[in-house]
Amino acid sequence: MSNEIQTGATKRYHDRIAAMRERFKHGRDGRVAIAERADAADELVRELWRYTLAQHGDLLRDVAVLAVGGYGRRELFPFSDLDLLFLVKDVSQEKLVKPAIRAISQTLWDAGIRLSPITRSLAECDRVDPDNIEFTLSLLDARSITGSEELSHKLRREQMPRLIERERRTLLNGIARLVKERHAKYGNTLFHLEPNIKDCPGGLRDIHVCEWLRKISDNAITEANRVEALPKIFRSTSSVAPRVEATAESKREFAAATDFFAAVRCFLHFRNGRDTNTLDWRAQDAAAAAGVGMGTHAGVADAAYWMQLYFRHARSVERWLLQRMDEMPKESSFFDRFSLRRGAAVEDGSGFRIERGRLVLNPPNDHGDPAEDPEVMLRAFDAVAQTGARLSSDTEVRLESALPLLSREMDEGIALWNQLKRILCGPHAGAALRSMHALGILELIMPEFHGIDALVIRDAYHRYTVDEHTFVLIDTLHGLVQQTGALAEWAKRFEDIRREINHPELLYLAALLHDTGKGRAGEDHAIESSRLAISVLSRLEIDAYERSLVLGLIENHLEASNALRRDIFDAETVQAFADKVQTPEELRMLILFTYADINAVHPDALTPWKAENLWRLYIATSNYLDRNIDEERVDARVSSELIRRVTALLGNEAKDAITFLEGFPQRYLRTRSPEQIRTHYAMAKKLDHDPVQLDFHGSAERYNISVVTRDRAGLFARVSGALAGWGMNIVSADAFANAHGVVVDSFRFTDSFRTLEMNPEERERFLKSVHDALLDGTAMEKMLKSRRRTRIRTPLVEVETKIEFDATSSSHSTLMQVVTQDTPGLLHAIAVALGTMKCNIEVAVIDTEGEMAIDVFYLTRDGQPLPETQFTSIRDAVEQAISLNAIP
């Protein structure tokens, strides 16, 4: 090829690129820059082709030169390859034209232009290779540059529409596979410290996928390729508009996102002098300083604020992609590859239905649009939280359009709280909250949350934005039982704690609000978050006690993490931490929160070592609190918020209720809800009619039985014996007595043989046997003997029996801690032995860790602590009982 032609053509190309670069430097308009480079490349290729055509004559007359891929979309970034397709009529022609194509390619390479040339026949373009779906996708963007117009027309206007129609399902499923593989490579999240703006979820490649889906779904390539101008996807959003018309705001957000990513990728290419797409730490600083993608706000932001814009734009793209996926033909499995799960059926009258994993609002009717009804809206998000279904694109558009009306009609107070707590407690609460946040509904309910929208903590450690960190935290709390990998065993332990929490909805609410203060100026974000939470709790009309739990958790949410930086085996560390939490319920909530909070910072933040230390802190603090649980007793002369919460439920019976509460340990009030205490009070009133009152509830996962009766010797032993006789595994228990000799014993247990689950009719017989055992232990003893004949399995881990006494931690009782092998009937055996030694169980704290039982008993004799001279004989009696119980 003539050096003069090569030099002239390449010089004109480079002059245009230099001018384009200068314009970008001052205007930062990426869309214009990539279109200008595509135009300059077109001119260069046409000029080189004309010269080559003159040299090779008829050989090239039946060859079409087309731009494909990004070049075909006229999205030619500064250092991206030129994707050129040399289209020939048939395979036999390829060898003949190869020298000419090689000459053009070499000229482009010599000019410093990276090229990805490919030669294919029409027949080769008329089939889809499932292992190379990318080639067919590049043809969706094919654009004629020069050469045979007839051949180009056949491919673009005739062959491709037929191919799409014929292979629609293959193409859609191929795209689904590519998207899933690419997203999986980046952990299925758009949140990265140094994101790849092309391939990360929510990046440029997802924008391209939206365009491919539109072309395949609508088969609109013919019309699209007639437009020899800036691609619609970078010129307007009409090319990817959904069948259900998106809101103007949604369109604006997507258009702004495409503008932003075009500018950022151009900036990265020019800054690095090569095709690079990783937005590393220094590039973020430079882009923020230059105001890339910020329009009129250029040059006024720090890197954290600029990255906040990045994540908002990525989130808009991610949402747009999900909506485009939602519009795929029903016969395609495309959507199924991305749906979270197929939702459960929804009851009639709910205002919506769930189809193929999507929640679809019913159409408007004579009564109005369900999207404008706050109750229907909240029930819909409750269904998302319960099933994991995703809102259909139609539902999203209608809810977004209804925001002004929803804002006017939304109730506050306890009614809103009752609906919100169901959402928070759903297993897929994180998905529901993300959707509410994306649509602006979460901010409608809690304007305080807006301050952390896409807020970036830029410290090379926090992977997620503050709002996403919050949702990941809630995901972690709900997903403990499904956790796999190195943390699986620890997650199971923390899941056991979660099941013991009396107010899980308060834990989730505190999690939702704990970092809202980061959006405000102030040195202590926990205090700022607590201040913001006060207004939320007031609007939801949450009572004073529950409010104190939420605010305490928010204010102290860093305390466990801080304690882990100290010697957790030091008594002062444990005591200082215990002073912060004060009660077992608050301890459980804070420990669980800390586990999830650390996990939600970064995927590698929570190590097994940290989980183990957190668990040790929990055990040490729990033991510290338990050793003081009988120190404080309810005094009828001293009013407290806990007592007022109970009496508020009883109206005219408040005075009698206070009498009932008198003498109970304060722990009884702190570990029972007002409704549970009201139930116990009502049971106590019936003791003259039946001296044994039972309250039984639960599910196959865990059961709870509470006994209210008058105090007498051997009560605890008889209940535990009756449960053991039925083969129940007691996992925790406690016993409380008031000043008037009324006992409340509660046992939580699992049904290892699923007797109650598989035979519901057995529940009545089960309760009757427990009832009768408290009146007469003879029948219970027979059941136990029968059960002991059952073969006891060989334990996986041998646990040595250790019995320790503590005469100093309590002024009212003597503490006895038993650590031994967990076996059926163990608690009954210990309780019988203690009864034989004339020990009264004031409080019992029963716990099980795998095959190890850790039981703490608060013991008295004649209302006084045990004399130390009796410790040895009591220990011997209990050890003997444990040994005999282990023998079948």
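**Salt bridges, cores and a helix**

Let me begin with Arg315, which is partly exposed because its relative accessible area is 23%, between the 20% and 50% limits. Please keep in mind that this is a predicted model. The side chain of Arg315 meets that of Asp453 in a salt bridge, with an N to O distance of 2.6 Å. This pair connects distant parts of the chain, 138 residues apart: Arg315 belongs to helix H13 (residues 303-326), and Asp453 to the loop between helix H19 (441-445) and helix H20 (466-478). Asp453, with a relative accessible area of 8%, is buried.

The structure contains 51 salt bridges. Another of them joins Arg499 to Glu495, whose closest N and O atoms are 3.2 Å apart. Both residues lie in helix H21 (residues 488-500), separated by 4 residues, or about one turn of the helix. Arg499 is partly exposed at 29% relative accessibility, whereas Glu495 is buried at 4%. There is also a network of salt bridges, which links Arg73, Glu75, Asp141, Glu211, Arg214 and Lys215.

I turn now to the nonpolar cores. The largest comprises 221 residues, and Tyr71, Trp306 and Phe494 have the most contacts inside it. A further core of 55 residues lies apart from it and includes Phe716, Val743, Met816 and Leu826.

Terms used
Residues numbered from 1 in each chain as written. Predicted model: local features only at pLDDT ≥ 70, side-chain atom pairs only at ≥ 80, totals over all residues. Heavy atoms only, no water. Core = buried A, V, L, I, M, F, W, Y, C linked by side-chain atoms within 4.5 Å. Buried < 20%, exposed > 50% of the residue type's maximum accessible area, 1.4 Å probe, protein only. Salt bridge = Lys/Arg side-chain N within 4 Å of Asp/Glu carboxyl O. Helix = DSSP H or I, 4+ residues; strand = E, 2+ residues; numbered from the N terminus.
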